Amino acid sequence: FGGYGGYETSRTLSDWVVSRQRGWGTPIPVIQLQDGRRVAVKSDKLPVLGSDRGNRVEAIRFGEEGTFDSDTLDTFFDSAWYYLRYLDNQNSNEFVSKNAMQNMPVDVYVGGIEHAAVHMFFARFIAYFLKDIGAIHTAEPFTDLIPQGIVRGKTFIEKETGRYLMPDDVTKIGEKLVLKSNESVEVEAVYEKMSKSKNNGVDLTALLTAEGIDITRLRLLEAAAPRAPINWGETDLKGAKKLLDRIATINSQFIEHRNSGEKVALNPKIEAEIREMYNFFVRNIGMCLEVLHLHNTALMRLQGFTNALKKVDPVCLASSPEGERAVKSLIVMLQVFCPHISAEMWSAVAADNTLVSDQKWPQVDADASIEFLLMIDGVSGGRPSVDRRVVEEMSMDELWKRAKSNEHADILRILNEEGLKMKDHGVTKRNGFHVTLLCGLEGDKEENRKKIGKILDRIQAEKRKASKKNEEKKRKKVNQK
């Protein structure tokens with residue numbers, strides 16, 4: 001419609017999604033007439049059922065003589081609009097009301113990378129069609145997409161023939177993999193998508209029986225970012241078990257000292273440190289999960305929280321309101337990764353017989369610091385921490401004014417000096433997590449990104465130089481004394 005060019009039809013997807021005959025596919029409401037013409041079934045005669053496919057048309061019912069189309073639409077068409085029906089599934093008059101439609105678009109679509117690619121193709125097509133006929137108000141059905149990477153298995157291939165081998169047929173001699181039955185035949189080990197034909201699958205039942213559900217989940221979540229493929233077998237259990245053991249120790253020691261009645265006087269300094277630790281890790285873990293969608297990074301932050309709490313005297317944790325809050329929040333956040341283990345830990349630490357799944361997600365304090373980010377053409381220009389009371393209620397103009405005079409003054413000044421002009425401004429916020437300024441520069445985006453990178457390197461070098469000078473001044477003062 002804009003004369004931009006491109007493919008009239010998909011470059012990669014063929015018409016097999018329509019021209020196939022499947023008993024379970026969506027019937028196409030088209031009638032093949034005896035004179036060769038094809039007509040659509042009138043809307044008041046719908047639906048056409050799967051059992052009608054390829055059969056003679058009942059003239060009494062449809063007013064036409066002919067045969068129903070024997071082809072079907074792909075099953076992805078069946079699920080191309082379900083997200084709309086979920087919003088209003090008790091509505092018997094319309095498929096979704098205007099009031100329910102206010103919840104569109106879907107915030108995050110999560111799916112396997114192969115499934116998501118094809119499903120998105122249909123879901124977006126149907127959404128655009130429904131928008132065109134005035135049935136819905138938004139053309140794009142999904143705001144953000146997280147396609148999950150494939151879990152790949154270790155695969156053994158005979159180098160000369162390309163034949164896939166069973167793992168038991170392979171042995172290692174020195175640094176080489178060879179065939180057990182013929183050691184002169186070299187074997188290559190690669191990671192590929194799991195398949196029976198490649199003999200690289202994993203028995204999930206045996207894995208869950210041996211390791212348990214939570215440990216298996218933890219291994220998957222720890223192995224890679226959501227979009228990245230996971231090479232199963234490269235990760236081990238040591239790290240996962242060590243983390244859970246550490247959290248269990250913190251929990252057990254907390255309960256032991258709390259029940260012993262042993263108390264220590266509250267130390268304001270330790271209380272402040274625990275409070276700062278709590279706010280830092282709750283913000284970072286929440287940010288990784290809810291905003292950045294990086295569960296493996298969130299798990300690293302949870303590990304950091306565990307290590308920080310491990311350094312605090314257990315007696316202090318058990319005697320301190322801040323300590324109790326921190327320990328309980330650690331268990332609540334653990335349930336994202338290990339729901340069964342966290343439920344067991346919560347039942348031990350909570351004295352009121354509540355469930356961990358009923359607990360509210362930990363929130364940062366009203367006076368805590370959050371990140372004040374600057375994103376320029378997709379490149380982070382800095383992420384300093386600022387008191388949330390200062391920036392969360394500011395308008396976009398006030399935020400830009402503050403950025404230019406305070407936290408992001410250096411990079412914005414240099415951009416201006418080098419003639420890099422901004423073409424647009426924006427801001428996104430998530431209370432308790434971040435306030436992010438967004439901007440784009442005029443000119444080629446890739447070239448701009450390179451220039452931004454050089455500017456950031458220059459700023460860091462200047463900061464290191466200034467820091468070194470300050471250290472030398474302090475040293476001279478000490479020597480003079």
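The model is predicted, so local features need pLDDT of at least 70 and side-chain atom pairs count only at pLDDT 80 or more, while totals for chains, interfaces and linings use all residues. Residues are numbered from 1 along each chain as its sequence is written, and side-chain values use heavy atoms, with hydrogens and water left out.

**The chain as a whole**

- The chain contains 15 helices and 18 strands; these are DSSP runs numbered from the N terminus, with helices (H or I) of at least four residues and strands (E) of at least two.
- The radius of gyration, taken over C-alpha atoms, is 30 Å, well over the 23 Å that the globule rule gives for 481 residues, so the chain is more spread out than a compact globule. That rule is 2.2 Å times the number of residues to the power 0.38.
- Buried residues (under 20% relative accessible area, 1.4 Å probe, protein chains only) make up 38% of the 481 residues.

**Helix α14**

- Helix α14 covers residues 409-417, and its buried residues are Ala409, Ile411, Leu412, Ile414 and Leu415.
- These buried residues pack against β14, α13, β17, β18 and α15, where contact means heavy atoms within 4.5 Å.
- After α14 comes Gly419, with a positive phi near 75°.

**A three-stranded sheet**

- Three strands form an open, antiparallel sheet in the order β3-β2-β4; two strands pair if DSSP finds at least two bridges between them.
- The edge strands, each pairing on one side only, are β3 (38-40) and β4 (66-68).
- Strand β2 (residues 30-33) is joined to β4 by three bridges, and Leu33 has Gly66 in β4 as its bridge partner.

Key
Buried < 20%, exposed > 50% of the residue type's maximum accessible area, 1.4 Å probe, protein only.
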